[in-house]
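Reader: I have just opened this structure and would like a guided tour. Could we go through it by question and answer?

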Amino acid sequence: MAEEVLQAIRERRSVRAFSPEPVSASDLEKILEAGRWAPSGKNTQPWAFILVKSKAKRAALAGLSRQKELIESAPVCLAVLLDRERGYDRDKDMQGIGACVENMFLAAHALGLGACWVGGVSGSKEEAAKVLELKGNEELVMLLLVGHPAPSEASPPGPRVRRPLQEFLREI
Ligand SMILES: Cc1cc2nc3c(=O)[nH]c(=O)nc-3n(C[C@H](O)[C@H](O)[C@H](O)COP(=O)(O)O)c2cc1C
């Protein structure tokens, strides 16, 4: 199991082109479950999710982003929110949400799906809140796009690059 997890971490990559094939309800549930089990400061679980199924809402949201086409074409668009009523410390709440999203990102990969993490919209947060009908205590953090990778994703444009460990690890 250790090797499978480590391999999934190494092999996961962002997918930015999807085939139109829908994501099955059971796969979607597994992805959301993976998010649900993420760690969070004081176990506050300061996140909330909105599955953006409405085409009109999706288009409006996409209109606030520089990645309009990608957001509109992904079979699944999940808006991940910070629920300030559940949270207790913005830095720690965001760390928990990062863990939650990474769990879902890895779950999508493990299921043979592709995903892209879109770290917010470039338009105003207020506009996004209006489109998503957010409650007063909620804030859009990011969008997770999920789907079956398009055939073009079989040969991604270049190797994934990571800084070598020695470059950023030090001991004291
Ligand atoms: C906080 C965060 C914000 C990101 N925002 C975007 C984004 O807005 N659009 C996008 O296409 N990718 C976005 N990404 C994906 C990164 O570009 C990607 O993870 C990085 O280039 C490494 O590539 P890999 O995921 O294929 O390993 C984001 C990733 C993170 C963690």
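This is a predicted model: local features need pLDDT of at least 70, side-chain atom pairs count only at pLDDT 80 or more; totals for chains, interfaces and linings use all residues.

Reader: Is threonine 44 buried or exposed?
Author: Threonine 44 sits in the loop between α2 and β1 (47–51). The cut-off for buried is under 20% relative accessible area. Because threonine 44 has 13% relative accessibility, the residue counts as buried.

Reader: Which backbone oxygen does the side chain of threonine 44 reach?
Author: Stay in that loop between α2 and β1 for a moment, where threonine 44 is found. At 2.8 Å from the side chain of threonine 44 lies the backbone oxygen of glycine 41.

Reader: Is valine 118 buried or exposed?
Author: Valine 118 belongs to strand β3, which covers residues 114–118. Its relative accessibility is 2%, so valine 118 counts as buried.

Reader: How far apart in space are valine 118 and arginine 16, C-alpha to C-alpha?
Author: Both valine 118 and arginine 16 are among the residues around the ligand. In sequence, 102 residues separate valine 118 from arginine 16. In space, C-alpha to C-alpha, the distance between them is 10 Å.

Reader: How much of the accessible area of the ligand does the protein cover?
Author: On its own, the ligand has 620 Å² of accessible area. Of this area, the protein covers 59%.

Reader: How many residues of the shell around the ligand are charged?
Author: The residues around the ligand include Arg12, Arg13, Arg16, Arg160 and Arg162. The shell also holds 3 nonpolar and 3 polar residues. Its charged residues number 5.

Reader: Which element gives the most to the lining of the largest pocket?
Author: This pocket has a volume of about 240 Å³. Its lining has 14 residues, and the closest to the centre are Val52, Lys53, Arg58, Ala74 and Pro75. At least two lining residues come from each of α3 (55–62), α4 (68–73) and β2 (76–83). With 3 residues, the element that gives the most is α3.

Reader: How many charged residues are in the lining of the second largest pocket?
Author: The second largest pocket has a volume of about 160 Å³. Among its 11 lining residues, Arg13, Ser14, Arg16, Pro156 and Arg160 are the closest to the centre. The lining divides into 3 nonpolar and 2 polar residues, while the number of charged ones is 6.

Reader: Which element supplies the largest share of the lining of the largest cavity?
Author: A search of the whole structure finds 1 cavity of 30 Å³ or more. The residues lining the largest cavity are Leu28, Ile31, Leu32, Val76, Leu78, Leu144 and Val146. The largest share, 3 residues, comes from α2.

Reader: And how many nonpolar residues are in the lining of the largest cavity?
Author: The largest cavity has a volume of about 30 Å³. Its lining has no polar and no charged residues, and the number of nonpolar ones is 7.

Methods
Residues are numbered from 1 along each chain as its sequence is written. Side-chain values use heavy atoms; hydrogens and water are left out. A residue is near a molecule or strand if one of its heavy atoms lies within 4 Å of it. Accessible areas come from the Shrake-Rupley method with a 1.4 Å probe; for residues, only the protein chains shown count as cover. Ala, Val, Leu, Ile, Met, Phe, Trp, Tyr, Cys and Pro count as nonpolar, Asp, Glu, Lys and Arg as charged, and the others, Gly among them, as polar. On a 1 Å grid over the protein atoms alone, a cavity is a set of points where a 1.4 Å probe fits but cannot get out, and a pocket is an open set with protein on both sides within 12 Å along at least five of seven lines; lining residues have an atom within 4 Å of a point. Grid points are joined across faces, edges and corners, and a volume is the space filled by probe spheres set on the points. Helices (H or I, at least four residues) and strands (E, at least two) are DSSP runs, numbered from the N terminus. Buried means under 20% relative accessible area, exposed over 50%, partly exposed in between (1.4 Å probe, protein chains only). A polar contact is a pair of N or O atoms within 3.5 Å; within protein, one must be able to donate a hydrogen and the other to accept it, and residues adjacent in sequence count only if both atoms are side-chain atoms.
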